[in-house]
Amino acid sequence: MTSSPSSPTISLAMRRIRVACVPAIAALACLAADTLPAQQPQVHYDHAGTLSPGAIGQGRLRREGPLRGYVQPVEIKAPQGALISLAMDGQFDDGDSSTRLVGLQISPVYRLKVTNIPRNAGYEVFPTIEIIDRLYAPRGKETRFPIPIELTQEELEMALAGKFVTRVIYVEDTDTALPVAQDPNEQHWLEVHGSDDVLAEADKLGRPVAILRIGGRLPDADGPSPEFLFGSPGWMPLSPPAEVVEPAAAVNVLPRRG
Amino acid sequence: MKYQMARIAVLLAAVSSTVGCFKMPGKHNLPPAPMLMEPGPGVGGPGPGVIGGHSGMMLGGPGGGGYGPGCYGGDGGMGMYDPSMMMAMMPRSSQVYFVGPDGTQVNWDIGGGAGFESEPLVAPGRQNFPQGAIYRLKLSKIPGRQGVELYPTIEIAPANPRTEAFLSHNPIPVQFTEEDFDQVATSNFVTKVIYVPDAEFQELAVAGVQTLVSTRLDPGADPIAEADRRGSILAIVRLGNIDLEVPSGEGAQVMDGVIQQAGYYPGGGQCLGGPTYDGSATYAGSYGGPMPMAMGAPPISGVNVPDWGLAYSGTPIGLPGPPHVPLGVPAGLTKHVIKNNTHVHLPKPVDKMHITVKQSPGMSYPTPPSHMRIVERSYAPGLRLWNPFANKLQQAPGGSNVPPGVPCD
């Protein structure tokens, strides 16, 4: 039996190569597996924007924070000429303007009544507002920085057509907000795809603070039921903040001393 | 050596198969289905678990602070008012919007008997119906179909987290089309399923309902199963050409004061589209009307639930038999032998249970941060930027009229 003198050497080298390949393959496998988490979303939501009204606010209250009992000023705007009413003690109050400044608590669901809608006289829409977080305005200036909730003409007409519209109002993330001056009387909005969660999309762009839901359901003919009004949670009427006086005018009206 | 290992393997296989045959019966028989449904030991009854409480009543969560307009409290501990708790106690209803045909008159039973005495609702019109029940309607004065009266049923599905927001803001549109009436006129049965499509079946975030009609599906396709696959079912309308007001016909149920339901499923929607049973005459009698489970009425044996706990068999083996023999004379029997030849194989309960679970896809959360490094840098700009002069003098009225810099009196 003869053997090549070089055979044991080659065999040993091959074995060493194989042994060295094992950790290399393992490292490659680890690297390949390590790329998987990067493809997953960085935020995992345990709720969805389609949850029952009040559920998201309740979940927010269960977390810590100065939220319970806080009355958040909210400015509700409707198209010019429309009237906004809020439910109180089982019935709607007399809506007398298209802009209401009220204090709402976090988590309860507040039912509104919008009447005298332009181009839709005689029709009524009953949206709801759910406050899910608060703003941290300077002390004493809370009413100057309310949450703006706008009921647009387009959305009201969609509700009259039987559609269900969910609008999430969020505070912009300062890192991603557009550095462009905005008209305070006009609210920018984004429309998301149906397969996307509107609440999650708003969370990506900032901090959601309120949810507005608009539909075409009407109360009973003999008056709104407690179920329809979500128990008529209490709210607080607020006075609009005093107008800021321009500096030049202030200086002019002051009497000169001397 | 190889042959020896093969022999041992064959021997082990033979032993294991033989032992298995001795230990396991060749065929398993389960108790009857009604007995399996009962938690009690062979008889109907709540069993040791008793009927569960009404967890729905406790959905309120932490109580909110008592407050009202002009008087609101601080941190909730008083629990004076909790709308969510109040909401949990309310009966849920869905609003049905009868879209058309225009002028069609819709009635439903409110007073019992064989009539449909409700206030006539002329389409388009709306009516609220409690959820989790089936209601019998009457369609009359259908435009273009003089004298035709139809008696469809509408099954209102209980709200679920997917549909609750929609149902609290939108009605369920129900439209009877000319095609539906034509199908019914030819003795066909029409099933219409109204549902909210899931997100993947929607084009925009604006939610709108869709309707599946059995006559537009392939033969054999179940519209309820298809709608359930596509989204969440809101209501099911079943339409045929039965006449419920013939003199000897089967009328509506006998109650008074409220809308009468034609069917009832106490589970609250789990059997949606499946078999339901006509329980209004038996169950709702003492309450005077349908009672959706959302009301949370306590179960009372023999009143709103069947008589529990009464053994209905006189023999100890679960089969019907006489309690004593002979019947009709004073008891004189002193010995009663029943021989049970039933093959019984009831294995002992296991003392240790292993459950292996796996969720696919698994969960992978980002690693939480364990170290934070904050570097704050301040750059002194070469150009000195002052606050605009106008901003310095900005002030609100109501306070002092003295501008900054002017000494007060």
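First, the ground rules. The model is predicted, so local features need pLDDT of at least 70 and side-chain atom pairs count only at pLDDT 80 or more, while totals for chains, interfaces and linings use all residues. Residues are numbered from 1 along each chain as its sequence is written, and chains are lettered from A and ligands numbered from 1 in the order in which they are written.

Start with chain A. How many helices and strands does chain A have? Five helices and ten strands. Both are DSSP runs, numbered from the N terminus: helices are H or I with at least four residues, strands are E with at least two.

Chain A has 258 residues, and 33% of them are buried. Buried means that 20 or more other C-beta atoms lie within 10 Å of the residue's own; exposed means 12 or fewer, partly exposed is in between, and C-beta atoms are placed from the backbone.

Now contacts. Two residues are in contact if their C-beta atoms, placed from the backbone, lie within 7 Å. Take the contacts in chain A with a separation of 6 or more: 75% of them join residues 24 or more positions apart.

On to the sheets. Strands of a sheet pair through backbone hydrogen bonds, either parallel or antiparallel. Here, two strands count as paired if DSSP finds at least two bridges between them.

One open sheet in chain A has six strands, in the order β3-β2-β5-β6-β9-β8, with antiparallel pairing. Its edge strands are β3 (91–92) and β8 (165–172), and each pairs on one side only. Look at β8(A): eight bridges join it to β9, residues 206–214. Within that pair, Val168(A) has Ile211(A) as its bridge partner.

Chain A also has an open sheet of four strands, β7-β1-β4-β10, with mixed pairing. Why do β7 (147–150) and β10 (236–237) of chain A each have a side without a neighbour in the sheet? Because they stand at the edges, each with a single partner strand. Further in, β1 (71–77) and β4 (99–105) of chain A run antiparallel over seven bridges. Pro73(A) has Gly103(A) as its bridge partner there.

Last stop, chain B. Is strand β7(B), residues 133–140, mostly covered or uncovered? Mostly covered: seven of its eight residues are buried. Four bridges link β7(B) to β4(B), residues 105–108, in antiparallel fashion. There, Ser140(B) stands opposite Gln105(B). Four bridges also link β7(B) to β8(B), residues 153–156, again antiparallel. In that pair, Arg136(B) has Thr153(B) as its partner.
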